Amino acid sequence: MTETRPLIAIVDDEESVRVALRRLCSASGLEARAFASAHQLFESLDQARPDCLVLDVHMPGLNGLETQLWLRERGIHIPSIMITGRHDETMRSRSIAAGACAYLCKPVDANVLIGAIDTAIRESHANISLS
Amino acid sequence: MGQARRLLVAQNVLLAVSYYLAVRLGLGFRFQHSQIGVVWPANAVMLSALLLTPKSRWWLVLLVTAAAHVAAVGGSIPAWRVAWQIGGNSLFTVGTTLLLHRFAGLPIHLESRRQVLIYTIAAFAMPALFSLTTAAFILSLLDLEPTYSAGDAFLRITLTNATGLLLVAPVVLLWARYGARRLTEQRASRLWEATAMMATLLGVGAFVFGTGPEIAQLPSLLFWMLPPLLWAAVRFGPVGASTALFTVMMLSIWGTARQMGPFVLSTEADQVLSLQIFWIVLCLPLMLLAAVIHEREQAEEALQEQRNQLAHVTRVATAGELSGALAHELRQPLMAILANAQAASRLLAHESVNIAAVREILHDIVQQDQQAASVISHLQLFLKEGEPQYETIGVESVVRDALALGRSTIDIAGVEVQPQFSAALPRVRGDAVQLLQVVLNLIVNACEAMSDAPASDRQLRLHVTQAGRHNVELKVADSGVGLPNGKTDRVFDPFFTTKPDGLGLGLAIARSITTAHGGRLWGENNPRGGATFHLELPIENNHDGNTTAHRHR
């Protein structure tokens, strides 16, 4: 079993959350990179394409939903999981409509988050095999 | 139960001793050849005791005073006259007490004009009724008493008792009820002032009533008593006024009995009469003045209390508006703590544990916990209810607290904040919570005013500087929609609002808080758009004593 570990990109403007989520993903056997803004994520896409995104909903500049839409407009399909500190039903339905695999409220339990990441990656692989 | 009984015994021993001394004092106040003295304080002591005792125990008061009366006068006059005195005095004081119960309302505090007037009327009406039943009056009526005519006896007995009720009873009553307790509650500065007032009163009183005949002839001499008496009434209320009046009355009796001071007249009967009339006439306006001032102070305190409550209610409303942002602010450290703790727990499950990584995680968890606690303590501080606590504070620390509390609101609104504090700013005197409310209100308003501005233009500048020699000024400048043209001051009117769900009280309260701190709050439009609010607060130790901030207890 020399399978490479899935790469997760975490985008959150709050440093403490970003660092903690990166640690959690690493400790859970995932490869993780953290970015403070959507623009930093976009710049990194040329070097490595993540298998899954964990996006904070409320960020200065492009927010989570806008990041998702920006990628989709450019034909970049990466499964994404939205996390938010403010529960907002409209934002939730818009994110799901834009293709988010899960919409989770902070504080998110590790099992839930890692489970959602696993599911998102599995489903996207299944979609790819189907197509 | 044992303690209650001991207290009862102590009270009655005190009553017996006071009554005994009051009778001896009353007898001592008779000048050499007069049968009727200037004042009969014994009835005033009995009245105070009855007013302070529940009706079911009145019999005890009457029993104790009767015994003390016998002890004080027994032997010197026939037994039937002692019995008559006890019966008459008891009937008189019980009647007066019932009258006061019925019309003045208990407790007797003499803090309202109505009570002072009713008390004064009772203090004349009851002694007048009483004198009709006294031995001196009846004996003169029957031509058995050679010293007085019946009319003379009636007038003198009435005035003796009225003087007692007006000038002695209030002192005993108010000191027994409040005096000692209030003394311990007072600030040191008040106690110093009271001491200075009493020293002035005694000094002037000793001079006025202890002078020889040359100076005593000065027509203005009695007016010298007015300033210290007014000082007592204006600054120390009914307790102060009654105590001061009682003290100088005692001085005047003492001086006159030694043939000193302005009341030394041809006959002793005239001296007694003029002393009584002088103090009775002075008593009513002074006690009324004390009551009026007390009523005004109470009204002011009630108004201040309402202002504080209103300020608190608007803080609660603001916290409600900010609750979404605050929850967001709390969820960030909670998220970080949870993810860190679960990451650590997974690291520890590995075969080779990276201790350094776990240590780093624990360190971060501690910091994040403190961050969450600070959000809560800021919120608790903000929601604190109660009397303002005036202390020395820096405006910049108030601004930092407001920024901490408003951080999520500012972040969510996408506003860029530029705080700027001048070096070595002097401190101000104020209530940290209320000033925080003012500053947070200005910050939140500014964020809302910029909600329609392009993201790059949402700039909030906070600038704290010293303004002139006497003030510290905070400028809160935004790049929002600005204030309604030509009516910039209208935003401070209660219920004026431009928000769809605003109460329109925030700025009105902010201005009233600022005014109570002796400062100013105003707004103006910037030349290049947006508005600037100015909060000016007086520097500590720079006050001239008239800021209301220093009057609150």
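Modeller: Helices are DSSP runs of H or I with at least four residues, and strands are DSSP runs of E with at least two, both numbered from the N terminus. On that basis chain A has five helices and five strands, whereas chain B has 16 helices and seven strands. The model is predicted: local features need pLDDT of at least 70, side-chain atom pairs count only at pLDDT 80 or more, and totals for chains, interfaces and linings use all residues. Residues are numbered from 1 along each chain as its sequence is written, while chains are lettered from A and ligands numbered from 1 in the order in which they are written.

Colleague: Which pattern does chain A follow along the sequence?

Modeller: Chain A reads β-α-β-α-β-α-β-α-β-α. A cis peptide bond, with omega of about -5°, joins A:Lys106 and A:Pro107. A:Pro107 sits in the loop between strand S5 (102–105) and helix H5 (110–130) of chain A.

Colleague: How many residues of chain A are in contact with chain B, and how do you know that they are in contact?

Modeller: The test is that the C-beta atoms of two residues, placed from the backbone, lie within 7 Å. By it, 17 residues of chain A are in contact with 21 residues of chain B. Helix H1 (residues 15–27) of chain A supplies the largest share of the chain A side, seven residues. That side has nine nonpolar, four polar and four charged residues (Ala, Val, Leu, Ile, Met, Phe, Trp, Tyr, Cys and Pro count as nonpolar, Asp, Glu, Lys and Arg as charged, and the others, Gly among them, as polar).

Colleague: What makes B:Leu110 and B:Ala424 buried or exposed?

Modeller: B:Leu110 has 25 other C-beta atoms within 10 Å, so B:Leu110 is buried. B:Ala424 has 6, so B:Ala424 is exposed. Phi is positive in each: near 55° for B:Leu110 and near 50° for B:Ala424. B:Leu110 is in the loop between helix H4 (79–103) and helix H5 (113–131) of chain B, and B:Ala424 is in the loop between S2 and strand S3 (428–431) of chain B. Over whole chains, 40% of the 553 residues of chain B count as buried, and 46% of the 131 residues in chain A do.

Colleague: Why are H11(B) and H12(B) called roughly antiparallel?

Modeller: Angles run from 0 to 180 degrees between the N-to-C directions of axes fitted to C-alpha atoms, for helices over the stretch in contact. Those under 35 degrees count as roughly parallel, over 145 as roughly antiparallel, 65 to 115 as roughly perpendicular and the rest as oblique. Helix H11 (residues 268–349) and helix H12 (residues 355–383) of chain B pack at about 165°, with their axes 9 Å apart. H11(B) is therefore roughly antiparallel to H12(B). Their contact divides into 23 nonpolar, three polar and four charged residues.

Colleague: What makes H1(B) and H2(B) roughly antiparallel to each other?

Modeller: Helix H1 (residues 2–28) and helix H2 (residues 41–52) of chain B pack at about 155°, with their axes 7 Å apart. Consequently H1(B) and H2(B) are roughly antiparallel to each other.

Colleague: How do you know which strands are the edge strands of the five-stranded sheet in chain B?

Modeller: Two strands pair if DSSP finds at least two bridges between them. The open sheet has the order S2-S4-S5-S7-S6 (chain B), with mixed pairing. Strand S2 (416–421) and strand S6 (520–525) of chain B each pair on one side only, as edge strands. Seven bridges join strand S4 (residues 459–467) to strand S5 (residues 471–477) of chain B, and these two run antiparallel. Helix H15 (residues 432–449) of chain B lies across S4, S5 and strand S7 (531–538), at about 20° to S5(B).

How values were computed. Buried ≥ 20, exposed ≤ 12 C-beta atoms within 10 Å, placed from the backbone.
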